[in-house]
Structure formats: C-alpha cells, structure tokens
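The sequence and structure come first.

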Number of protein chains: 6
Amino acid sequence: MQVLTPPSSHSSPCNNKNLQSRSYLLSTATMKFLPISFLILALASAIALAYDPSPLQDICVATNDLESGVFVNGKFCKDPKQATADDFLFMGLRKPGNTSNPLGSQVTQAFVDQFPGLNTLGISMARIDFAPGGLNPPHTHPRGTELLVVVEGTLLVGFVTSNQLNNTLFTKVLYKGDVFVFPIGLIHFQLNIGNTYALAFSSLSSQNPGVITIANSVFGAKPPISAEVLTKAFQVDKKVVDYLEAQFWYDNN
Amino acid sequence: MQVLTPPSSHSSPCNNKNLQSRSYLLSTATMKFLPISFLILALASAIALAYDPSPLQDICVATNDLESGVFVNGKFCKDPKQATADDFLFMGLRKPGNTSNPLGSQVTQAFVDQFPGLNTLGISMARIDFAPGGLNPPHTHPRGTELLVVVEGTLLVGFVTSNQLNNTLFTKVLYKGDVFVFPIGLIHFQLNIGNTYALAFSSLSSQNPGVITIANSVFGAKPPISAEVLTKAFQVDKKVVDYLEAQFWYDNN
Amino acid sequence: MQVLTPPSSHSSPCNNKNLQSRSYLLSTATMKFLPISFLILALASAIALAYDPSPLQDICVATNDLESGVFVNGKFCKDPKQATADDFLFMGLRKPGNTSNPLGSQVTQAFVDQFPGLNTLGISMARIDFAPGGLNPPHTHPRGTELLVVVEGTLLVGFVTSNQLNNTLFTKVLYKGDVFVFPIGLIHFQLNIGNTYALAFSSLSSQNPGVITIANSVFGAKPPISAEVLTKAFQVDKKVVDYLEAQFWYDNN
Amino acid sequence: MQVLTPPSSHSSPCNNKNLQSRSYLLSTATMKFLPISFLILALASAIALAYDPSPLQDICVATNDLESGVFVNGKFCKDPKQATADDFLFMGLRKPGNTSNPLGSQVTQAFVDQFPGLNTLGISMARIDFAPGGLNPPHTHPRGTELLVVVEGTLLVGFVTSNQLNNTLFTKVLYKGDVFVFPIGLIHFQLNIGNTYALAFSSLSSQNPGVITIANSVFGAKPPISAEVLTKAFQVDKKVVDYLEAQFWYDNN
Amino acid sequence: MQVLTPPSSHSSPCNNKNLQSRSYLLSTATMKFLPISFLILALASAIALAYDPSPLQDICVATNDLESGVFVNGKFCKDPKQATADDFLFMGLRKPGNTSNPLGSQVTQAFVDQFPGLNTLGISMARIDFAPGGLNPPHTHPRGTELLVVVEGTLLVGFVTSNQLNNTLFTKVLYKGDVFVFPIGLIHFQLNIGNTYALAFSSLSSQNPGVITIANSVFGAKPPISAEVLTKAFQVDKKVVDYLEAQFWYDNN
Amino acid sequence: MQVLTPPSSHSSPCNNKNLQSRSYLLSTATMKFLPISFLILALASAIALAYDPSPLQDICVATNDLESGVFVNGKFCKDPKQATADDFLFMGLRKPGNTSNPLGSQVTQAFVDQFPGLNTLGISMARIDFAPGGLNPPHTHPRGTELLVVVEGTLLVGFVTSNQLNNTLFTKVLYKGDVFVFPIGLIHFQLNIGNTYALAFSSLSSQNPGVITIANSVFGAKPPISAEVLTKAFQVDKKVVDYLEAQFWYDNN
C-alpha cells in the first residue's frame, strides 16, 4: 500500500476510482472494509541513489520514440540537436504533495521517468511533504544512496545497518537546514514529529534509484508471497499474516 | 533474529553460551521465554551481489595488519609477494550448515571477511543448507545480485519488484541443477518445499554484498525503531508491534 | 578570486585577516587597490556530481587518524563500530551564507571534507544563498553532475555544451520548486534575477565533486599562467590580461 | 579446438556433422586425420567474471526483437511488463555435460546468450563436468573473475600471475565443497585428478565474461596468426608451429 | 572560436566558405572585421579521458544504422559478425594538421565519432600539431584524463587544480619523448615554445571525452551568456565583455 | 621469458648478472645451454588498458611511505599539498629501448609503478621499440584496452577474438601515423615487417593494466604448470612440453 502521486496528480486518494498502476491508492472498497484505525498507508519514498554507468556524451535526453517495445539499460535518447533547455528543467516539484492520506505524507518524484533530462546523468530528486505526524515508512532504494535536506519542520529519521553490523539503528531528529545521508540499500524512514507541516528534498545517486516500501513488498506482493514463508519469517501465525496481507494486498489490487 | 554460523562453528544454537556479535544465535534464555511455536528464526541470507570498483593489480589479499583502527573502502591488502595459493582457497563451505534451528536453514558465507583472497575481485559465495521445510526468509542484499544453483532438493524461490513495477512477485519451483537470479536490492526468499534436505550455492556480485533480513532489520533493530513508525507503516496496533519486536529484539540482545 | 565560507565560518570577507588557504577571501589590501566597481568576487560553486567507486561496506565514515601524511583515493575511515548517528548528520547548512561580498552570493558545501559520513557514498550537497543580483559565476565540477532545486526566489541558470555540440547555451529562469540539471563537467552559472534573496540546494554525484571557478582558475592561477598563453587564448593584448590577472591573482594571495 | 556444448545440445562430439559456429566440435574428418593420442580437445571454460555497468532498472530481460541488425553494449531488453518468472530461471545446467571427448570435460554456460534474465545484472554461471583425468585447459576470461565450487570429485586448479608478479603459479588441490577464486584476466585451468567423475559450478562477474582458450586462440585463430609471429614467440621452428596449428586450426574449420 | 579540422579536411581556414557545425573555422568576414592582432583562435583540444562503462562483449563497432533518430548512451553497434579489421584501424592521424591559423596549432581527433571501432572500449586519441609559438588554448575534458607524449619539439604545458587545492598551476617544459598527465576535468593547455614545429599524441580515457575550450564556451556560447553574468564573473565592464564576445561569438556563427 | 627493461636500465640482457625479479633477462647460463636459434625472447608488452575506479580528488600521487607492508587497491598517495609538477611528468620514455635481444623489441612502461602521478587517473602508456623483424609476442592485458599509434616504421598487428566469436584474427599492416585498438583482455601482437627500426606508443585504459605474455605464462610459470595439463591442452607429447618449458622456465629462474 502506497501513496505516490505522480507530479501533476492531485486527486484525493479516498475517492479516486481510476487507480493507476504506479499510484496504488486506497480504493473505496478497501476503506469500507477496514476500520479507519488501520487505514494507514505506506508512502513510497521517492528517494534513492545509485551508481549509474557514466555518460558517453554531453547530453542524452530520454525518449520513448522506439515504438517496437524494445528497451535498453536506461533509456533511449533523442537526437541531441533536438534537445532544448526545457528538457533540463523539471517543474513537477513546485506544488506540495497531497498529504490527505492515512500515512500523512506524499513523495513526488523527479526520476528519469518524470524528468527525461536526467538520463545518463546518475542523479535524481524527490520532494517529500509531511502533514503533522506524517510518515515516510520503512523502505530501501535498490540502486541508490539518499541525501536529504529539511526545508521546513522537524523530522525523526533513521536507517538500520545490515546483519553484519548487527541491525543497528542510527537515528536523529532533524531541524530546518539539516542534512542526513541514508547509505545505499539500507532500510530507512522519516517521521514528522513536529506540530506543523514539514518539507524535505532528497537527492538520490541514480537516475532511477527505485523504491521498495517494505510493508508493500512483503505483505502486498502480487500475487502474495506464500503464507508459509511469511509465518516462518515473522514468527507469527497465519491469522496475523492474513490480516497484514489484507491491508496491503487488497489495496494494491 | 538470525542464525548465521561462521564457517568453522558447529555449535548447536540451543546451548551456545558465547554469542558472537555476528552469530546471533538463540540464547537458551530466549528459548525459555518464548513458546516453542514462535521459535522461528530468520536466517540471514548470505547471498548478495554488488558492483564493486575494479581491481588495480592482479591480487590484493585482505589483511588486518594496520593496527591503528583505520579502515578503507574495502580492505587493506598484504604484500602480493607474501600471498600464497592458500589465500585463494576457502574450505569453509565443505561442511553442511547446522539447520537445527527454528527456520530450518543455515547460510554459510564465503564473503571477504571469511575469504580474504576475494578482496578487490567483486564476487563472493554462500552455501545454503535447508532441512525439509527450511526457509531462508525475505531479505535483500544492498550491494549485490544473487545467482543461485540448486545442488540438492526442491526449492520455492521468489523476488518482488520495486514499487515502480507494482511489487510483482516472480516465483518458481527449482529442481536440482536449476539456476535462478535475484536482481540487486530486491526482496527475495527460498523455501525448501521438498521432503528431503536441500542444498544450494549462491554467487553474489560483490566481495561484501551485505544481507538485510527484513524481519530482523525492521523488528529487531537495536535500539528498536519507534513504535509510531512501525504501527503506521504496517497498519497494526502497538500490541502487534510489541509482539513482533519481542521475537526479534530480545533474541538479538 | 572566490568567496567560499566554510560552514562554520561567518566572518566578513572584507575584514578577515586570517585567510585560510581554502577560503580565498578578499584581503583588505586588495580592496584598497581596486576600484569598488571591480570588486566582484567569483563565488566558488559548491556544486558538483561525480561517478564515484561503489561502497564495499554499509558505512565508512571518513577519518584523518592516519598521522603519517599518507592518503588514499577518497578517505580513510574509522572503525564502523565507532560510528554514531551524528556521523550521518550535517548541521552546517542551517545558516544562510554571508552574501555581503562583491558577487552577492555564498556557497556552503556539504562535501566529504565537511561531512565525513558521505565517504564512499557517491553524493554531496551545497546550499547557495544569493542577495538580489547575486551570481554564482561560471564554473565546472570535474567529478560530478549537479541537480539544483530552488527553495526561494528566481534564478537565471544555464550551461554550455562542449565544442562537439557547438558551445550551445541551455538557459532557463527557475522559480520556487523548480529543478534543473547541469551535466558533469560542463560550464554553468546561476544568477539571482529577482528583487529578493534567493536560496537553492544542489546535490552532486560525488562525495568530492570539486569546483573550478573559471575566472579564478584561468586568471588567478598560482603562479599565473604565462601571459603568452592567455593573450593568444582570449585574443586580447597583454594589458587586458594583466588587468584581469590583477583582479584574481592578487586577491588570491 | 574446443568442446562447448550449448545447454540443450547433447549430440556426441564424435559423430556430429552439423557443427555450429559456437560449438567447435571435433569433426570426424579431424578424427581420422589425427592419431588418437592427439585428440585432446581444449575445453572452453565457461567461466569468467567481469565488472559490468550497473543496472538502471529492476529488470531488463534480453531480447533479440530489434530486427535491423543493430546492437548495443550488452543486449536490448523486452518490456518489463512482459517479463515472467520463467525469464529468471535457467534449466540448462540440469544435465551433465558430455565428457566423451579428448579433453574429457565439458563446460555448459549460463551466460546472457543462454539465460536472457541475466542482462544488466553483472553475473553469470557455468557447470563443468569432468571425466576422470578430464581437463578444462588454460584459458582466460577477458571480462570477469571466476569463483569455483567443487560439488563432486577432486580437482587440481591453478592460475598464473601476470609478468609484473613474475608469472607465479598459484595451485591447489580442491575437494568437495572447496571454493577457489581466479582473478580477472589471468590464465587458469582445472584438472580432474581423482579416479571419479567431478563436477564444479563457477560463477563469473559479468553477464558475458567471455572465454579465451589459449591453445585455440593462439594456434587455432582463423585465419592463422603469421608463422613468423608464432615461431619467434614460442622459440620453436616452423614445423612445430605447423604441427600445433594443424591440431587446432583444422578442427575449428 | 576553434580550429578543429576533421581528420580528412585540409582546407585553409581562411577561405573555407562551407563551415560545418563542428569545424568553427574563422570566416573571411570575421577576418576583415578584426585587426590581425586579434585573430587568435582558440584551438579545440582533442584530448579528453573518461571513465566509460565497461564493454559487455569483445567488440561493438559503432554504427548509425538506426534511422529513426533514436540514440543510446554511447553508440549503436553493427553485428559483430560483420566487423572487419578495418574497423579497428584509423588512418586519419597520418597527416599533420593544418596550423596556418591564428592559434598556430591543430588538433585532429580519433574519437568514436571518427573511429567507430573505439565504441565501448573506453579510450581515444588525438594528434596535436604546433607551428612555432602555436597554442592549444586552455580547455577541459568533461569526461576524461589526458596523457600526452611529445614526439617532436618542445612544449610548455600546464594544468590548474580546482578551488579546493587553491587553483595551483602545475607547469613543465616537455622535450621529445616526455609524457605528461592532465587529470580529468582540470583546465590545461600546451604551448610550443621551441623554434620548430612540434607534434604530440594524446590518449584520453573515454571513447568520447569531449572538449570545452574555455574562451569559446564562455565568450562564444550560442546564444551568448548574459552580459550581467560575464561582467560580474570576470570583474570587467560591459565593453570588455562585448569585445571578447565579438571575437568568439561572431566567428562561431 | 621476457625482456622488460625498466625505464632507466640499459644493461645488455646477455651479460646482466643481477637479474631483478621483474626483468627476467636471459642469463648467460641459459644462453650457453640453448642453441642460438632458440634464443628468442618473449617481450613483455607494456600495453594494457583497464576500467579503473574513478578518482575522488584532483590528484593522488602514488607513494610508498607506509612502511608496514600494508597495501590498498591501487596505491597510497602523498599529501596533495606536497605534490609538484615533476610528479606529473615522466621522462623515462625519452630513450629508445634496447632491442639487442632475441625478440628484437623492447617495451618501456609508463605505468603507475614507474610514473606515480598516474595514480587514480585510469590511464598509462608504453613505448615499444622494434628492430627490423622485431616482435612484441602474443600477450593480453588483464585490466585494459590498448590504443597504439605508429610513429616510425611498418607493423603487422593483430588480435584474436574470444571463443564466442570463433577465435577470429583481425589483422592489419600499420604505417606511420596509423592507430589501432586492441580490445581489453584479447590476445594480440605486433611485428615489425619493415626493413627499418620501428617505434610505437601505446596508451592503456588503466594505471596498471598488467601484461601476460602467453608463452611465459603458460610455459614459464614458476613453478611450472603440470605436464599433464600442458600436454592435454596443446595436444603434444611431454617431450615437446619439456622443450618449450625449458626455453621459458629456465630463463626466468
């Protein structure tokens, strides 16, 4: 379950009937089915950072002009002679994201899919808006490190090291102007612990860092992960797994 | 919670009083405290694969000879003139791992920490032993892709794509001789669905790919992740979170 | 000539008698020597982005603990077991930079030298403060792409392609919330064209992207580049070169 | 001369009349022409490991759908929405390779050409079957390190360092469960010194590491390398070179 | 302004009426307009060196066979089975470049655009011919380090470090057989200080390192950089900027 | 067997009693033992090219100042403030190599071991001098592509593709000014087919590309590769192998 509004989409998650495959909003059916206290959505963090291959020319603006359903690692580019300054500008982060959703936060991405000028350049960005108490839930970026700066408000942030370093949590409270780094691939989160709206910008070390919201990936996979796997892995009985999956799996479908 | 036996350790997890920081075996205290039905341990998958910097010489065998507590990206190396053939051989995967633990599986790593000859070479390996029903629970490798080959038995394996591809589960049953690939950073698992012992070898694209067992990292972080974060993220009330954390956090400490 | 205030330094460039080698502030001697109309300083852009080698462990916080004057590519690290959450937090971007200087702008860096937690993670950041009319003058980053987001004000920005693409200028006016990307190694600039203070954050694709302010590097090199080179290259007579060098070279020394 | 059976080919090398360009099996003509004592084929080791560019998306399964004879670095991919779990599974290593050939060994590759799901993921695998006395002859992988695990039998393995380290041979006898690493680009070999069949799996650090069997490349190049080059390089007279070339060159054509 | 003769072009820059977009020769109109003492052209250094993505196959010769105006990072390749030895040979550096131009030097490139066989191989070359007093003016390579060897004559060469190292000039006089390295992205130049013709070969660490001639990029950008930016950046009044731009901008158009 | 004169060494290979471990000159004992017609030495090609990790600072000049026998991937560096212009200049290629040896050629390296300023910069160079008929024998570079330019004379050059492309020889005759590229890891050679002295410069895509002279590595490994391996691999009887090993192994020891 995930609230991820594409840059120009401002529809309310609660009455949007046209769910796009990348938005994963809570359907009204789900909302009826679940007590309101469980309507907590996992916000997809738009923040990741990767180690992309280096560029082999000044510019290589992404295009989708190859009609035949063929892809490459990254994106095809348009003729550099056809590129304009508009290709290197992205206006999709101007407006605050809609935080009227159970998680109380919204990530708006400026990855290569939204911002074609980033192609081959190894970096991307996201803005994260938080209502008071808003959460960007535990997630990883499979292809990137994230560097976050707080522009407004107060955030509790943290990441957890891998097993080798004993799953240690590194956590801090961030104030306006503070910068925090989340190393590539590690699970991390951000929570607005202030009484006011909060805003952060994150830069990521890949044109397409990817986001894996842990709850969605584990309990909302489509089709679901085998119950035997989940009950053993989380040491709970099948009812708890069923319950958790119901939150995420129904919503995503 | 994690059962990760270092290659040369064969002590039973149930009576080992000397827990090393990287082994995380179940203490007897924990075992008394918890009903047996919850004694399901998350096995640390030893499998990861990364995109390491290229080597700048033929060989650079890892050493810990710099006493002053100083480190580098990767490892210091010993004088190449002092290297011997033994440095490039690892015998720690000869013996089956001990699967007498709640998860019924054991990962034995041949990463650079165990096998110094891998330093700068961008690859590593693990053997995974499974009792019938044994599970290598959902985990990611922050710095590597994993390529697994089944040597004995029958495994159900799967990985889940990131949010961008809608958390799609790709899952297959593998038989002896089958090879399956888990892309870098994605959540994946392996379950022995046969009636017999199973064995797999995984190769990973980094000398130190890292392992993040999801359950341990989320519910067993040290110190624990704030309850507010977890209740919102998983859409459950605090009792469920407390319960889950109890399984993983107590055991790890 | 360059105004580059280290994060915690807030002295006025006009009366600072203790010039550090990396600050290059205008000396009072220079200020007397030059008419005020030429007291335009080249601000060191703190913005660059590079393609760093991948990390080989979760964390590798930079340290200077190896006393013997020996260095590596990047930085030595401290023992990961000694790392704390403070290592991953940087508070040096909280305060606005001092723009009371001829260029009317100030870049404050969060590169690995200021923010040791970035080591091996391939990303860095800078805040850029602009008085009305303030300029971050033409510069390049030898090891990084820059991705800039405007937080306050209105900026005219641009980059120039290399000779192969005919030195084409790509330029746009950016408003609050706009994002613009400057490809690795290309000459670029930012100018505050609004009537008010402006603020931008830039993320860069290297832990140490480097900054080359064109005017400083060409006319303020220490020792100066041969006059024969500069007169030929810029097609001007020696008096013009002497004049230009006087602005930059004297000030830097 | 090389025995390299594509995964689904199980024809005997001694009566296969339809030689594919990548199989290089011994033709019957060759077999009549040569005394049996010289019918020793150089097995192409399927093992290499490289440092591939990083992926820029979760998955990018190789496809050959671009009909116009145009290629890229690596492979074109199919639409990720069309990918299925079968794309990430390779069953071609299930069956033992046919070792009824003069070298007594068979390498079966799971490189990107055979296993399209590996595309962009930087890793590959091979199984190597050895009859008693079977040899995987000296070869290099131009784009990869190799990490080998012995599953059955006893192997003598070795690699030779480059000139800078004095062409030093590092050699060991490996038993079941042992792992050995062959650094990128160095000449290496494996010989079954046991009395029984042997089996090893090798993982390689590239999706397409390449194999250069030394004897085939030097004495079996098509067209042949100039005799003047070979006589000088190996310090032998032309008769010896002619003899050696006859073994490899005739067989390959 | 830049004199960059494509390998097979030997027309005089002073009477060439057919200016190609990549040649930027001095038009006769420009020559009449300007006093001869200012006819000093900035030679585009053909020298750059980059950190390209690794190859994923033996050979991938660049081709332009995809007609639809679609590009990739780097180049499309032709079928490797169609490659011939001619693809790996470049004869365009045989003849001296024409130095009868105001800068007295000529760079002839063997980059991937001229030499398709370099595609995916991460290296390129240029020859630089110098009349007595000839200058390869200050420039950078955004994607490469340059390694220069002097074959004839005596050169004064230098590079300037970035702001962090205080814009320090490292300069030497090179004689026949000397080798000098210019680190990636730093501003550098070469001047023939001997009384005779000079010749150097430079190798560069990218298939397409790029060249940014500082004077052309700053004062000859198309369209021109805002006068406000240039007057502030170089601390000169608008007349000087107009004058400088006139040299470079008119010539380039 | 290999003639590799370090840049400043000009001793005759035939009477040098102080053999250094990296020079491998023919000892006088060897010369007596062998008929003169076999005294053909394999010249170590100094040419290789690799894909090194990117630099993380402007300069990082190699140093050996860490006395404790500890190494890193690449080299330790000296304090950049202690670097001088001399660090970036290499004069060791000024003089022709001594070609009075059986192979009639000499490679003089400017790799990071000889030229410390190359450290972290990903490129290196070599000069190759050829007497008439001189040969740079078949070799590979495990960590680099090679780009060669002919400065004097006429060379026959070639490389052989890997098994996948059927061990195809690509060969050309090069004249003065011609450039040829040898892809990373492939076996290649150069032969002076003119009647006069020939000279070439090669650039390589790594600071330390490595050289593997095939004959030395296969027949001159120390200790020797098992006769069983070599007889099977080259399809010859043990006498031929003994003979070949005698040439290379005795000489190297």
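The model is a predicted one. The two copies meet through the same surface, because 100% of the interface residues of chain C are also interface residues in chain E. Each side of this contact is made of 58 residues, from chain C on one side and from chain E on the other. On the side of chain C that touches chain E, at least two residues each come from β6 (135-140), β8 (155-160), β11 (187-192), β13 (212-213), α2 (214-219), α3 (227-234) and α4 (238-252) of chain C. Sorted by class, that side holds 33 nonpolar, 20 polar and five charged residues.

Chains B and A form another such contact, with 58 residues from chain B and 58 residues from chain A. The elements of chain B that each supply at least two residues to the side touching chain A include β6 (135-140), β11 (187-192) and α4 (238-252). The side of chain B that touches chain A has 33 nonpolar, 20 polar and five charged residues. Chain B is superposed on chain A by a rotation of 180° with 0.0 Å of shift along its axis, at an RMSD of 0.0 Å. This is the relation of a two-fold axis. Of the contact residues of chain B, 100% recur in chain A, and the same surface serves both copies.

**Sheet within chain C**

In chain C, five strands make an open antiparallel sheet in the order β9-β8-β11-β6-β13. Its edge strands are β9 (169-174) and β13 of chain C, and each of them pairs on one side only. Within the sheet, β6(C) and β11(C) are joined by three bridges and pair in the antiparallel sense. One residue pair here is C:H139 and its bridge partner in β11(C), C:H188. A helix from the other copy packs over these strands: α3 (residues 227-234) of chain E lies across β6 and β11 of chain C, at about 80° to β6(C).

The helix α3(C) is largely enclosed by the rest of the structure, because six of its eight residues are buried. Those buried residues are C:V229, C:L230, C:T231, C:K232, C:A233 and C:F234. After α3(C) comes C:Q235, which has a positive phi near 60°.

**Sheets that cross chains**

Six strands form an open antiparallel sheet in the order β4(A)-β5(A)-β12(A)-β7(A)-β10(A)-β3(C). At its edges stand β4 (105-110) of chain A and β3 (89-90) of chain C; each has a single partner strand, so one side of each is left without a neighbour in the sheet. The link between the chains consists of two bridges that join β10 (residues 179-182) of chain A to β3(C), with the strands antiparallel. In this pairing A:F180 stands opposite C:L89 of β3(C).

Chain B has a pairing of this sort with chain D: β10(B) and β3 (residues 89-90) of chain D are antiparallel and share two bridges. β10(B) also pairs with β7 (residues 146-152) of chain B in the antiparallel sense, over four bridges.

| Strand pair | Sense | Bridges |
|---|---|---|
| β6(C) and β11(C) | antiparallel | three bridges |
| β7(B) and β10(B) | antiparallel | four bridges |
| β10(B) and β3(D) | antiparallel | two bridges |
| β10(A) and β3(C) | antiparallel | two bridges |

**A loop residue in chain C**

Is C:L186 buried or exposed? C:L186 counts as buried, because it has 24 C-beta neighbours inside 10 Å. The residue is found in the loop between β10 (179-182) and β11 of chain C. Leaving out residues up to four places away in sequence, C:L186 touches C:T140, C:F159, C:V160, C:T161 and C:S162 in its own chain, together with A:D58 and E:P142. Between C:L186 and C:G92 the separation is 94 residues in sequence and 27 Å in space, C-alpha to C-alpha.

Key. Residues are numbered from 1 along each chain as its sequence is written. Chains are lettered from A and ligands numbered from 1 in the order in which they are written. This is a predicted model: local features need pLDDT of at least 70, side-chain atom pairs count only at pLDDT 80 or more; totals for chains, interfaces and linings use all residues. Two residues are in contact if their C-beta atoms, placed from the backbone, lie within 7 Å. Ala, Val, Leu, Ile, Met, Phe, Trp, Tyr, Cys and Pro count as nonpolar, Asp, Glu, Lys and Arg as charged, and the others, Gly among them, as polar. Copies are superposed by least squares on the C-alpha atoms of residues with pLDDT of at least 70 in both. Two strands pair if DSSP finds at least two bridges between them. Axes are lines fitted to C-alpha atoms, for helices over the stretch in contact, and angles run from 0 to 180 degrees between N-to-C directions. A residue is buried if 20 or more other C-beta atoms lie within 10 Å of its own, exposed if 12 or fewer, and partly exposed in between; C-beta atoms are placed from the backbone.
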